[in-house]
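Hi,

Here's the structure I promised to pass on.

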Amino acid sequence: MGEAHHHRAGSLKQQNKHFKSKHASKGSLKDAAKGRIARQSPKASSGSSVVAQSRVNRRNNAKQVQAKKRGLLVSATRIFNGVDGAPRIVTVIPLSPDINPRIIVDALAGSLEVPSGDCPEDGIWQMKAERFKTSLQFRTIPYRNFYAALDACKVADYVIFALSPTVEVDTWGDTLLRTLQSQGLPEVVSVISPDSSIDPKARSGILKSLLSFIQYFVPSQTRVFDLHVHSDRLNALRSVSEGKPGDVRWREGRSWILGEAAWEDGSLAVTGVVRGAALSANRLIHIPNFGDYQISKIMSAPLPQPSKSRHIPGMDVEPLTLAEPDTSSADSLVSTNEPDDLVNEQTWPTEEEMTGVADNNEPIIPDALEGTTPKAVRRIPKGMSEYQSAWIVDEEEDEEEDEEDGEEGKEAGGEVEMEDVEEEEEEEMREIPMDDDPDLDSRKRVAFQDLDMEEEERQLDSWRNRQREEEDDLTFPDEVDTPKDIPASRRFQRFRGMRSFRTSPWDPYENLPRDYARIFQFEDFSRTERAVRRRAEQEIGVVEPGVRVTIYLRNVPVEAASMKHIAVFSVLQHEHKMTVLNFTVQRNTEYNGSVRSKDPLILCVGPRRLSVNPIYSQHTRGGGKGPNNVHKFERYLRHSVTSVATIYGPVVYGKQPCVLLRQSSDSQAPQLVATGSFLNPDTTRVIAKRIILTGHPFKVHKKTATVRYMFFNSDDVHYFKPIQLHTKYGRTGHIRESLGTHGYFKAYFDGPINQMDTVCMSLYKRVFPKWAQLWSENKKAGQDIVADAMEE
């Protein structure tokens, strides 16, 4: 019986598209819409009435934007308007040694025929520009006065860079421009000094060359004014007399005063016009080179009222008290906590201690007689005679060893208990009184004597070795040699192993140094900053900007009164407190010296200058913390790499720019090392220093290898056995067993190992920054350099 035939439709059968609704009825379309209303596409063409309406809307919108900009300009320049308007602060900085800033001011004032004979070369001079209905306050800075130029630009509305048509800008001028560029500049005006003549044929080429030079540092510059020409003088003066001055971001929310200082009734009185934000008597005032101080009172200092008759002098106005600090809300000068070392310890005194009887087992050192010096006590090994002990020289360890391992014996805790070792050392040592040595004073003064040629050559070679050390660290990063005379378990007792540097847990509050008990920690720094700025805006009883006042500061050194012209800055709430500061920095491409962690530098951030010894660590992409907030310590600050510099310092608000300078033999010619900005005050950021112990695969059989030269005794092999190994070719493994007594061990890896490979073991230890100090310009220039050279 044959199979039944089933008919199937062919491939050419017509199939209508189900989504086509060309012939659908209105009812079916209404049902399919389900109540939705068709909306015209904005891209569809509109009628003429809609086009006309959109044209009107665009015109109206343009008028609103224009009115808004005009209102902002009027509100920004309102402080300079009127008879009692605040003067515009103009800083004049010469960039060549043949330029006198006083001649620049004379040329600008001469364009309005204003006499300027009393303008000082280093000081403040004020003029009235009747033509532009404003007043100008010139702050002249002599050539090669670096730090005064930095402070003057912090309070300036305009900066005039004076260029020479005959003398090129030297290294000092280039460093100053780079520093000011990183610090933040207001509006800049570039001029050519009129005290040197210009060949008319070469004038055009000189102007183009100087414009190209200044545009490298200030790209917004479009013109260089030639003060030999009267029209350029007038235009240069117009550019600083009209319009709105440029804003500097880090000055937002702060007030500053550029004025004159005087000593009155035991207080420093600073008279000037309040600029920036409103000034509160409850906030602290920062004086460059001297520190932060409290305000005792703020008095008005109005100028004499001019009389209608020119022959009658103006009438003096009695000063009034504008603000006084509130004892309940005024900021204190307390910057650190006072840690209680006994807060976690409670011991009950013994009967001998209560009765005052000393332990008989301890030797009693008799008191020194009156008029004599007590003998010093020296610790020597037992069994050694006094003659042999005289050959023991007490020397300090090298700086690097002291920073890496000297802390191990000072701080409690760690990965290994060393109590037994310490007890053995106590048993093997004894104390002897030291005799008077007539050569003791001479040995103490040897560091201050002139060195012979051999010693000079030795220190020079040591200094040059820094370059070799930096190159070795770049070629073999973090690799160290295991010492043969000291057990590795003692040498690296404060180091630990980590399975994963990015994800392995690390408690940020374990084994903290004593400095961490002195600093302040913020629960939410961003919220605290917003609250501080909001309270500053809503505070009542403040002095508005544009008012001429006299501020009286308490407990200021008398030396501050010697500064006739001074610039002071207000400090926001909590900015006097000390905490951990992290800065993202990048090296200056023009600086070729070696920059190592904990090298002494000068940090310029906001209105402050601090003497710091920063430590550097890797900067995570995007600024993230990672799962464990652990970041690798960097021994050197390298070119084209963004690193994080960490210090203990006063609180900083906002993304303030920072500059790192290194002092040179000339106090007014520092070297620009790095620039950057403030990152955060994260106290839980763990900076882990890594060392890599390397070994040689002595014998290899597939995945198993006999490794030597990593350790030199079997005890160290058993001590470091739990830590994971890795090779430079990417293999990972573990120590299986120790072989012999000379530090050989058998290791097993996750893949076949090459005879040319190198076995490595990574160890980590947390490092901490050093305490920052206020840097003073009066400090001798060569102190840091000599100290750094001797440490090397």
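Let's start with a pair on the inside: Asp157 and Arg275 are both buried (under 20% relative accessible area, with exposed meaning over 50% and partly exposed in between; 1.4 Å probe, protein chains only). Their side chains form a salt bridge, with the closest N and O atoms 2.8 Å apart. The term means a side-chain nitrogen of Lys or Arg within 4 Å of a carboxyl oxygen of Asp or Glu. This one links distant parts of the chain, 118 residues apart: Asp157 sits in the loop between α4 (146-155) and β4 (158-163), and Arg275 in strand β9 (residues 275-276). Helices (H or I, at least four residues) and strands (E, at least two) are DSSP runs, numbered from the N terminus.

Keep in mind that this is a predicted model: local features need pLDDT of at least 70, side-chain atom pairs count only at pLDDT 80 or more, and totals for chains, interfaces and linings use all residues. Residues are numbered from 1 along each chain as its sequence is written, and side-chain values use heavy atoms, leaving out hydrogens and water.

The salt bridge count comes to 26. Another one joins Arg283 and Asp331, again with 2.8 Å between the closest N and O atoms. Those two are 48 residues apart, Arg283 in the loop between β9 and β10 and Asp331 in the loop between β13 (321-323) and α8 (351-355). Arg283 counts as buried at 15% relative accessibility, and Asp331 is buried at 13%.

Lys244 and Asp247 also pair up, at 3.6 Å from N to O. Here Asp247 is exposed, at 59%, while Lys244 is partly exposed, at 38%.

Cheers
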